[in-house]
Amino acid sequence: MADKSMEGLNTFTSEETSTVDAGKKMRVAIIGTGWIAGSHIKAYLAQPDVEIVAGCDLIPGKAKAFFEKYGVENVKTDYANDEEMLADKSLQLDAVSICTYNCQHAPCAIHAMEAGVNVLLEKPFTVTLEEAIEVMKVEKKTGKVLSIGFQPRLDDNMKMIKKIVESGELGKIYYIQTGGGRRRGIPTPHGSTFIEKDTAGIGALGDIGCYSLDMVLNAIGYPKPLTVSGYKSAYFGTDPKYSGYAVGKGEKYSKLFGVDDFAAAFIRLEGDIILDFRISWAMNMDTPGDTIILGTKGGLRIPSTECWNGTVGGPMTIYHEVCGQQTQTVVPIIENKSKVGLFEKKIRTSLDACKNGTAAPVPTSQIVYNQAIIDGIARSAETGREVEINVPEV
Ligand SMILES: NC(=O)c1ccc[n+]([C@@H]2O[C@H](COP(=O)([O-])OP(=O)(O)OC[C@H]3O[C@@H](n4cnc5c(N)ncnc54)[C@H](O)[C@@H]3O)[C@@H](O)[C@H]2O)c1
């Protein structure tokens, strides 16, 4: 009779059916036990082949309280920071989730891979392009799996955008308008780590801008960015009336606010493609518009989407000609029948890559272009002129 623990378990009910060998436990830790770490731990707890063995946070006692809250026992947390935890070889870690604020993404990813541990790194990849390159050098040197946490890519409607582009239905793509944003939505419900320069490094541009960029760049195969003319502002974040959801915190948060709350850019991509982008945490408008992808044979309209929440904003429309007649085809929303959420899929695909030694599901070779655009927008906004984007080979 087969060993019960070695029986394959299906964890996905959608097309990404994956059979998990629950007999081989992966030893996992979490670096940074704040807000998003909650989604990571819930997803890990749903995996039959994961043992959460450690966690750490810079704030003393925070990691211990975090694991207690989720009822996870026998987790080592008595570390001052990620480096101390990674130096503990008794943990025999296979993988870590890095759930720190943006400015700690690069150092933590470097420390983990140098310690021989695979990494699932939260988005945005890093704050600057230079940091991203440093991380990629270590990734190459160590051969570890490093995946960036873009779970919306795993949504069936998001995948449909890529399928439509790849089908050739739109012809040659030459112009894309994308972005998104909120009328009032500066993310301060859990403190100020998203709005302070020292912790976040970048504001709306990196936080939700990276999702909008990934949605369209992934669809068109991540062409190389060449130049960018960018703009960013912070009129709302620095105003006590708007700087924070928490009642009574506006005055304090407006003083701490050190990033952008709005950004826009005109980006040239390899292949003679123009990307027109805008993103907002707060503005006097409901939406900066739908995403549109124009091609020589057809155009795709994706209704204004909160793509950071993982899906499109409504049925998409293809504008094309049929037998010389201008027509529109509505692409219905694909109903999500999977019981497995996007976060669980993100964790699973990353674990599978670590386990099987296969490529990272969201590879740095793509996301470095996303980061290069963000970096270019910030540089251009600061200098007030168009800048070139040069991504060094790693
Ligand atoms: N994928 C998503 O849907 C999603 C959603 C929200 C946030 N995020 C990303 O997750 C990251 C974290 O966001 P958050 O809201 O959880 O932030 P947070 O401020 O609530 O938590 C971050 C925690 O990391 C700790 N930390 C920082 N550096 C550390 C280090 N070197 N070692 C140990 N601990 C360290 C901090 O003390 C803090 O407790 C951000 O980069 C954010 O962009 C992703």
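This is a predicted model: local features need pLDDT of at least 70, side-chain atom pairs count only at pLDDT 80 or more; totals for chains, interfaces and linings use all residues.
**V96 and its contacts**

I then looked up the core around it. V96, A109 and V119 are the residues with the most contacts inside the largest nonpolar core, which has 116 residues. Helix α11, residues 364–383, gives the largest share of this core, 9 residues. Where does this core lie? I noted that domain 1 and domain 2 both give residues to it, so the core lies between them. A reminder to myself: in soluble globular proteins, nonpolar side chains tend to be buried together.

**The chain as a whole**

Next I stepped back to the protein chain. I counted 11 helices and 16 strands in it. Its radius of gyration is 21 Å, close to the 21 Å that the globule rule gives for 394 residues, so the chain is as compact as a globular protein of that length. Along the principal axes, the C-alpha atoms fill a box of roughly 65 × 60 × 40 Å. I also checked burial, and 50% of the 394 residues count as buried. For contacts between residues at least 6 apart in sequence, I noted that 71% join residues at least 24 apart.

**Two domains**

I looked up how the protein chain is divided. Domain 1 covers 4–151 + 342–362, and domain 2 covers 153–335 + 371–388. Their C-alpha centres lie 27 Å apart. How many residues does each domain put into the contact? I found 19 residues from domain 1 and 19 residues from domain 2. On the side of domain 1 that touches domain 2, α5 and α10 (342–356) each supply at least two residues.

**The ligand**

Then I turned to the ligand. I found 28 residues surrounding it, and the closest are G32, G34, W35, T100 and T193. Sorted by class, the shell holds 10 nonpolar, 12 polar and 6 charged residues. Why do I place the ligand between the domains? Domain 1 and domain 2 both give residues to the shell, so the ligand lies between them.

I finished with the backbone. The peptide bond from K123 to P124 is cis, with omega near -15°. P124 sits in the loop between β6 (118–122) and α5 (129–142), and α5 is one of the helices I had listed at the domain contact.

I located N74 in the loop between α2 (62–69) and α3 (82–87). Is N74 buried or exposed? It has 9 C-beta neighbours inside 10 Å, and exposed means 12 or fewer, so N74 counts as exposed.

C323 was my last stop. This residue, also other than glycine, has a positive phi near 50°. C323 is in the loop between β14 (316–322) and β15 (325–331). With 5 C-beta neighbours inside 10 Å, C323 counts as exposed.

Key. Residues are numbered from 1 along each chain as its sequence is written. A residue is near a molecule or strand if its C-beta atom, placed from the backbone, lies within 6 Å of it. Ala, Val, Leu, Ile, Met, Phe, Trp, Tyr, Cys and Pro count as nonpolar, Asp, Glu, Lys and Arg as charged, and the others, Gly among them, as polar. Domain bounds come from an automatic or database domain assignment. Helices (H or I, at least four residues) and strands (E, at least two) are DSSP runs, numbered from the N terminus. A residue is buried if 20 or more other C-beta atoms lie within 10 Å of its own, exposed if 12 or fewer, and partly exposed in between; C-beta atoms are placed from the backbone. The radius of gyration is taken over C-alpha atoms; the globule rule is 2.2 Å times the number of residues to the power 0.38. Two residues are in contact if their C-beta atoms, placed from the backbone, lie within 7 Å. A nonpolar core is a set of buried Ala, Val, Leu, Ile, Met, Phe, Trp, Tyr and Cys residues joined through C-beta atoms within 7 Å.
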